[in-house]
Amino acid sequence: MYDELNKKSVLVTGGGLGIGEATAKAFAAEGSNVTIFDIDKTAGEKTAKEIKKSGGSAIFFHGDASKSEDCLGAVNMAINHYKSLSILFNNVAIQPPDSYLNAVELPEEMWDKIININLKSRYLMAKFSIPHMKKLGQGVIISVASVQGLQSMPLVPAYAASKGGDLSLMRQMSLDFASDNIRFASINPGTIETPMVFNALEGTGENIEDGLINSAAAHPLGRNGKPEEIAKMALFLSSDNAQFITGSHFNVDGGMMAKGAWADEVGASGSN
Ligand SMILES: NC(=O)c1ccc[n+]([C@@H]2O[C@H](COP(=O)([O-])OP(=O)(O)OC[C@H]3O[C@@H](n4cnc5c(N)ncnc54)[C@H](O)[C@@H]3O)[C@@H](O)[C@H]2O)c1
């Protein structure tokens, strides 16, 4: 338990499903007041309802995180209801199954959609949240980037660019707002079993079970991650235990980024 998170106002983008849902619930279990912002009304309302049923506090804002007016609306809702905003979990992103194309083939509209939801939302949410954090004299902004911000796989030009941009933006903002006592950090998940991954596997036509087994094998720990494992890192980074952390990113990836591109070949031959 992190006592300092009790009654803190936390806003989670994409809090209806997956990592966002698990993180909203994890903060609520610490006694935080949670605002869930999601484009999926059913999923967002369900997360908020489940939090309330288990004795926590949550409200839901229905909107699109790529739209300025909706980002402002979500922040205003948190402020009106909970009277402050201490922690922003900048989590929302998409990786549509039909976007696995090289840069020549990728339609411009798809590029814009991915960049606007995955990257522009980070800027918009920070832009509208920071003034309230300044008033409080403290704040924490955590973004969920990806191992794809550090290393590359084929056919994801917009998603990869959005994640590299996310890491760079968080690092940059940590300098501008350090004197306001607002800390920034990014989390780079490996493969986490969420609807995003299930949809992506479905899109490739691969059997989901087989796909999950294959992706588990790519992690040195031999398994995929759970959304709750990202949530635990978010709690830590928001807590007083992380007071000297800002502008850094953290891999929660089962060792994926520790593995060199040559590792499988050399490792298999037993010659390393
Ligand atoms: N799952 C993984 O393996 C993995 C790996 C690396 C990084 N990530 C990152 O983790 C974050 C969360 O991913 P996830 O796997 O939980 O995704 P998910 O698709 O399972 O859930 C995303 C949530 O965001 C919501 N959402 C989508 N578009 C929105 C919009 N325009 N406005 C508001 N809400 C919107 C969805 O409705 C959903 O509730 C993303 O930033 C993703 O890039 C995930």
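This is a predicted model: local features need pLDDT of at least 70, side-chain atom pairs count only at pLDDT 80 or more; totals for chains, interfaces and linings use all residues.

Colleague: Let's start with a helix. How many residues does helix 3 have, and how far does it reach?

Modeller: A handy check is to compare the reach with what 1.5 Å a residue would give. Helix 3 (residues 68-82) has 15 residues and reaches 21 Å from first C-alpha to last, close to the expected 21 Å.

Colleague: And which residues of helix 3 are buried?

Modeller: Here's the general idea: an α-helix has 3.6 residues a turn, so residues three or four places apart point the same way. In helix 3, the buried ones are Cys71, Ala74, Val75, Ala78 and Tyr82. Looking down the axis, you'd find these buried residues within an arc of 90°, so they line one face of the helix. On the other side, Glu69 and Asn80 are exposed.

Colleague: What do the buried residues of helix 3 pack against?

Modeller: They pack against strand 1 (9-13), strand 2, strand 3 (57-62) and helix 4.

Colleague: Can we try the span check on another helix? What should helix 8 span?

Modeller: Helix 8 (residues 227-238) has 12 residues, so at 1.5 Å a residue it should span 16 Å; its end C-alpha atoms are 17 Å apart, which agrees. Its buried residues are Pro227, Ile230, Ala231, Met233, Ala234, Leu235, Leu237 and Ser238. The elements covering them include helix 1, strand 4 (87-90), strand 5 (139-144), strand 6 (182-189) and strand 7 (248-252).

Colleague: Now the core. Which residues have the most contacts inside the largest nonpolar core?

Modeller: Those are Leu11, Val34, Ile230 and Ala234, in a core of 63 residues. Helix 4 (residues 108-136) gives the largest share of this core, 8 residues.

Colleague: What is Val34 in contact with, beyond its neighbours within four places in sequence?

Modeller: Its partners are Val10, Val12, Ala24, Phe27, Ala28, Ile51, Gly56, Ser57 and Ala58.

Colleague: On to the ligand. Which residues come nearest to it?

Modeller: Of the 27 residues around the ligand, Gly14, Gly18, Ala93, Thr194 and Met196 come nearest. Helix 1 (18-29) and helix 6 (195-204) are the elements that give two or more residues to this shell. By type, the shell divides into 15 nonpolar, 9 polar and 3 charged residues.

Colleague: Last, the loops. Why does Gly31 count as partly exposed?

Modeller: Gly31 has 17, so it counts as partly exposed. You'll find Gly31 in the loop between helix 1 and strand 2 (33-38). Leaving aside neighbours within four places in sequence, Gly31 is in contact with Leu5, Asn6 and Lys7.

Colleague: Where are Leu155 and Asn181?

Modeller: Leu155 sits in the loop between strand 5 and helix 5 (157-176), while Asn181 lies in the loop between helix 5 and strand 6. Look at their phi angles too: Leu155 has a positive phi of about 70° although it is not a glycine, and Asn181 has one of about 65°, again without being a glycine. With 14 C-beta neighbours inside 10 Å, Leu155 counts as partly exposed; Asn181, with 15, counts as partly exposed too.

Methods
Residues are numbered from 1 along each chain as its sequence is written. A nonpolar core is a set of buried Ala, Val, Leu, Ile, Met, Phe, Trp, Tyr and Cys residues joined through C-beta atoms within 7 Å. A residue is buried if 20 or more other C-beta atoms lie within 10 Å of its own, exposed if 12 or fewer, and partly exposed in between; C-beta atoms are placed from the backbone. Helices (H or I, at least four residues) and strands (E, at least two) are DSSP runs, numbered from the N terminus. Two residues are in contact if their C-beta atoms, placed from the backbone, lie within 7 Å. A residue is near a molecule or strand if its C-beta atom, placed from the backbone, lies within 6 Å of it. Ala, Val, Leu, Ile, Met, Phe, Trp, Tyr, Cys and Pro count as nonpolar, Asp, Glu, Lys and Arg as charged, and the others, Gly among them, as polar. The expected span of a helix is 1.5 Å times one less than its number of residues. The arc is that of the directions from the helix axis to the C-beta atoms.
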